[in-house]
Amino acid sequence: MMLLYKPNISFLEEHATDPDKRRYAVLEEAPRHYIDMDRYGKYPFDGLPRKWKDAVEKFSEDSLKAHGIVPWHIQVMLNRLTFAFAKKDFIAIMKNSAEIGHYIGDAHVPLHTSSNHNGQFTNQRGIHGFWESRVPELLAEKQFDFLIGKADYISNPSDFIWNRIMESAKASDSVLLFEKELNKQFREDRKYAFEERNGKIIKQYSSAYTIAYNNKLDDMVERRMRQSIYAVASFWYTAWINAGQPYLKELAHQHFSIEEQKSFDSLNMQWREGSRMLGREE
Ligand SMILES: [Zn+2]
């Protein structure tokens, strides 16, 4: 699969964020990125059927969508990717590979499984970006290890992704609690700092606060990123196997049509011009 993915790595990198961009254009996009597990009682949330059909029967589609559908959407994306491999459709393979990676990544973020997704109920606003952006931006390059070994075939994608969701849901309490505790040990002027980001000076969590949080979490962010990488690779691999292991070398150097390029440009435009996300933020 390297034959296909390696030469197109910059496409994957660039388009992994398309699903978030689409949130500025399409209202239905938002719930695909999260699931508020705490709306379904307490861990392990046995009241929520894991199968879409059963869940719809019990709660109705509208109410499921209101609380997020990421574990099911990942399975939809897996089917799309499998179909794309089976048809040897280069464009669909690349797009769906980039996008399934996004949703799988979101599912590994604890606050994507909690209704208190940005600490808005507990006076911790900003914690969402703190965990998923600030910590890795400061520490990933320096100290995170992303070599995870080989991908595996996933024989039961539903079980696999629900296990990841359960881990995220379980971890979301510590994500919130540890920040709350740390907050008591840092004065406001040590908690935040004016630092440079993308050439602009902005107020953000200080380096000291970020490092202290990462230590308290015992490298949880790194662990979730590693699991996420493994999951993305394994989902790609699984789609390819289920599609009958098509030979990929001849596809590797295809290009996107002008039409496709235009649709990417228009997504970018809507994103830049869109004043706010539709539906839930973050
Ligand atoms: Zn997202």
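At what angle do helix H6 (residues 70-86) and helix H12 (residues 220-242) pack, and how far apart are their axes? The model is predicted; local features need pLDDT of at least 70, side-chain atom pairs count only at pLDDT 80 or more, and totals for chains, interfaces and linings use all residues. Residues are numbered from 1 along each chain as its sequence is written.

The angle between H6 and H12 is about 50 degrees, and their axes lie 8 Å apart. H6 passes H12 in a right-handed crossing (the near helix is turned clockwise from the far one by less than a right angle). H6 contributes Leu-78, Leu-81, Thr-82 and Phe-85 to the contact, and H12 contributes Phe-235, Ala-239, Trp-240 and Asn-242 (contact: C-beta atoms, placed from the backbone, within 7 Å). Of these residues, 6 are nonpolar, 2 are polar and none is charged.

Helix H7 covers residues 90-107. The end C-alpha atoms are 26 Å apart, in agreement. Of the 18 residues, 15 are buried, so H7 is largely enclosed by the rest of the structure (buried: 20 or more other C-beta atoms within 10 Å; exposed: 12 or fewer; partly exposed: in between).

Arg-39 sits in the loop between helix H3 (18-22) and helix H4 (52-59). Arg-39 is partly exposed because it has 16 C-beta neighbours inside 10 Å. Beyond its neighbours within four places in sequence, Arg-39 contacts His-67 and Ser-115. Ser-114 is 75 residues from Arg-39 in sequence, yet their C-alpha atoms are 8.3 Å apart.

Methods. Helix = DSSP H or I, 4+ residues; strand = E, 2+ residues; numbered from the N terminus. Expected span 1.5 Å × (residues − 1). Axes fitted to C-alpha atoms, helices over the stretch in contact; angles between N-to-C directions. Contact = placed C-beta atoms within 7 Å. Nonpolar A, V, L, I, M, F, W, Y, C, P; charged D, E, K, R; others polar.
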